[in-house]
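Let us read a structure together, one feature at a time. Keep the viewer open.

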Amino acid sequence: MTEAEREHLFVFSIGRPPKARAAARDGISWRLQRFLDAMPLIPATVATSTWDIIGWNRAAQLALTDYEVLPPGERNILLRMFLDPATRAAQSDWESVPRFLS
């Protein structure tokens, strides 16, 4: 359903437009974001084929890193794993990480 169709449905059925939704992040649909947000206790991210994080939920922000404050160019799993000391230190078995990521 398009935004215009959604608004028409709300106005027609309950007499008022729908509440404004948060804008989707670049590269992720609002439906996929809603799916991530529906898992409040499970850290979840969406990554591209080049390991760029383009979507996340609140649990991921708390457990992994606050992607919201990172510039988009720094939201890359590989860069964070190899260049960010805090991310690297958080790995319980660092020796297996490079093999897993390659």
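This is a predicted model: local features need pLDDT of at least 70, side-chain atom pairs count only at pLDDT 80 or more; totals for chains, interfaces and linings use all residues.

The dialogue below takes up a pocket, a surface patch, a charged pair, a backbone angle and a distance.

Q: What volume does the largest pocket have?
A: About 250 Å³.

Q: How does the lining of the largest pocket divide by class?
A: Six residues are nonpolar, four are polar and one is charged.

Q: Turn to the surface. Which residues form a nonpolar patch there?
A: Leu79, Phe82 and Leu83. Together they have about 300 Å² of accessible area. Leu83 lies in helix 4.

Q: Is Leu83 buried or exposed?
A: Leu83 counts as exposed, because its relative accessibility is 64%. The cut-off for exposed is over 50%.

Q: How should I read a salt bridge?
A: Start with the general idea. Side chains of opposite charge can pair when their charged atoms come close. Now the case here. The structure holds one salt bridge. Asp84 forms it with Arg80. Their closest N and O atoms are 3.2 Å apart.

Q: Now the backbone. What should I expect of phi?
A: Most residues other than glycine have a negative phi. Trp51 is not a glycine, yet it has a positive phi of about 70 degrees.

Q: Where does Trp51 lie?
A: In the loop between strand 1 (45–47) and strand 2 (53–56). Trp51 counts as partly exposed, because its relative accessibility is 26%.

Q: Last, distances. How many residues apart in sequence are Glu3 and Pro18?
A: Read two separations, one along the chain and one through space. Glu3 and Pro18 are 15 residues apart in sequence. In space they are 9.8 Å apart, C-alpha to C-alpha.

Q: Where does Glu3 lie?
A: In helix 1, residues 3–14. At 45% relative accessibility, Glu3 counts as partly exposed.

Methods
Residues are numbered from 1 along each chain as its sequence is written. Side-chain values use heavy atoms; hydrogens and water are left out. On a 1 Å grid over the protein atoms alone, a cavity is a set of points where a 1.4 Å probe fits but cannot get out, and a pocket is an open set with protein on both sides within 12 Å along at least five of seven lines; lining residues have an atom within 4 Å of a point. Grid points are joined across faces, edges and corners, and a volume is the space filled by probe spheres set on the points. Ala, Val, Leu, Ile, Met, Phe, Trp, Tyr, Cys and Pro count as nonpolar, Asp, Glu, Lys and Arg as charged, and the others, Gly among them, as polar. Patches are made of residues with over 30% relative accessible area and no salt bridge: like charges are joined within 9 Å, nonpolar side chains (Val, Leu, Ile, Met, Phe, Trp, Tyr) within 5 Å. Accessible areas come from the Shrake-Rupley method with a 1.4 Å probe; for residues, only the protein chains shown count as cover. A salt bridge is a side-chain nitrogen of Lys or Arg within 4 Å of a carboxyl oxygen of Asp or Glu. Helices (H or I, at least four residues) and strands (E, at least two) are DSSP runs, numbered from the N terminus. Buried means under 20% relative accessible area, exposed over 50%, partly exposed in between (1.4 Å probe, protein chains only).
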